[in-house]
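Try each task before reading its solution.

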Amino acid sequence: MFNKNNTSNDGDNDLGVFRPSKGSAKVVIGNGVKFKGEITSADEVQVEGNANITVNTDNLVVGSQGVLKGTIESVNADVWGKVDGVLKISGTLTVQEQGVVSGSIEYQSLQIKLGGKITGEIKVSEKVKKI
């Protein structure tokens, strides 16, 4: 009933636990880190430090100590810190209690928690329906 099935490994799967699952490309810019550049393909980008970047991602998280400037395209964004630049969010932009978003902002859905701030040129985009 609880017998362990002993199969021989040739070493091929020894590190299988440490391999990221397919499609889980995550970038973390840690607290105290300053980063300038471009991120072209990532499932999730988390900014806890200071970044001046061009980014295209599925999910963006800016932590409470995070400062993000640049051109940002994302499906969803969750802002606890500060974001300034050109934002195009095709899903939901969430600004948390201490979050500040400024610049040219386009979003489909918006959620602002009490205390969150959003300023600049703000545009609501219509959801594109597939034919």
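Two strands pair if DSSP finds at least two bridges between them, and strands (E, at least two residues) and helices (H or I, at least four residues) are DSSP runs, numbered from the N terminus. This is a predicted model, in which local features need pLDDT of at least 70 and side-chain atom pairs count only at pLDDT 80 or more, while totals for chains, interfaces and linings use all residues. Residues are numbered from 1 along each chain as its sequence is written, and side-chain values use heavy atoms, with hydrogens and water left out.

**Exercise 1. Find the elements of the protein chain and work out how the strands are arranged.**

Step 1: count the elements. The protein chain has seven strands and zero helices. Read from the N terminus, the elements run β-β-β-β-β-β-β.

Step 2: The seven strands form an open sheet in the order β1-β2-β3-β4-β5-β6-β7, with parallel pairing. At the edges stand β1 and β7 (117-124), each with a single partner strand, so one side of each has no neighbour in the sheet. From one strand to the next, the twist averages 20° (axes are lines fitted to C-alpha atoms, for helices over the stretch in contact, and angles run from 0 to 180 degrees between N-to-C directions).

Step 3: Strands of a sheet pair through backbone hydrogen bonds, either parallel or antiparallel.

**Exercise 2. Trace the bridges from strand to strand and name some of the partners.**

Step 1: start at β2. Eleven bridges join β2 to β3 (residues 50-62), and the two run parallel. Here Ala 42 has Thr 57 in β3 as its bridge partner.

Step 2: move on to β4. Twelve bridges link β3 and β4 (residues 67-79) in the parallel sense. Among the partners, Asn 56 goes with Glu 73 in β4, and Leu 60 goes with Ala 77 in β4.

Step 3: β5 and β6 pair in the parallel sense over twelve bridges, with Val 83 opposite Val 101 in β6. For β6 and β7 the parallel pairing has eight bridges, and Gly 103 stands opposite Gly 120 in β7.

**Exercise 3. Find the salt bridge and describe the surroundings of Lys 26.**

Step 1: apply the rule. A salt bridge is a side-chain nitrogen of Lys or Arg within 4 Å of a carboxyl oxygen of Asp or Glu. By this rule there is one salt bridge. The side chains of Glu 44 and Lys 26 form the salt bridge, at 4.0 Å from N to O.

Step 2: Side chains of opposite charge can pair when their charged atoms come close.

Step 3: check exposure. Buried means under 20% relative accessible area, exposed over 50%, and partly exposed in between (1.4 Å probe, protein chains only). Glu 44 is partly exposed at 25% relative accessibility, and Lys 26 is partly exposed at 48%.

Step 4: list what Lys 26 touches. Contact means heavy atoms within 4.5 Å. Leaving aside neighbours within four places in sequence, Lys 26 is in contact with Glu 44 and Gln 46. The side chains of Lys 26 and Gln 46 also make a polar contact at 3.4 Å (a pair of N or O atoms within 3.5 Å; within protein, one must be able to donate a hydrogen and the other to accept it, and residues adjacent in sequence count only if both atoms are side-chain atoms).

**Exercise 4. Is Gln 96 buried or exposed, and which residues is Gln 96 in contact with?**

Step 1: locate the residue. Gln 96 sits in the loop between β5 (82-95) and β6 (100-112).

Step 2: read the accessibility. With a relative accessible area of 5%, Gln 96 is buried.

Step 3: list the partners. Beyond its neighbours within four places in sequence, Gln 96 is in contact with Asp 78, Val 79, Trp 80, Lys 113 and Gly 116. With Asp 78, the side chain of Gln 96 makes a side-chain polar contact at 2.7 Å.
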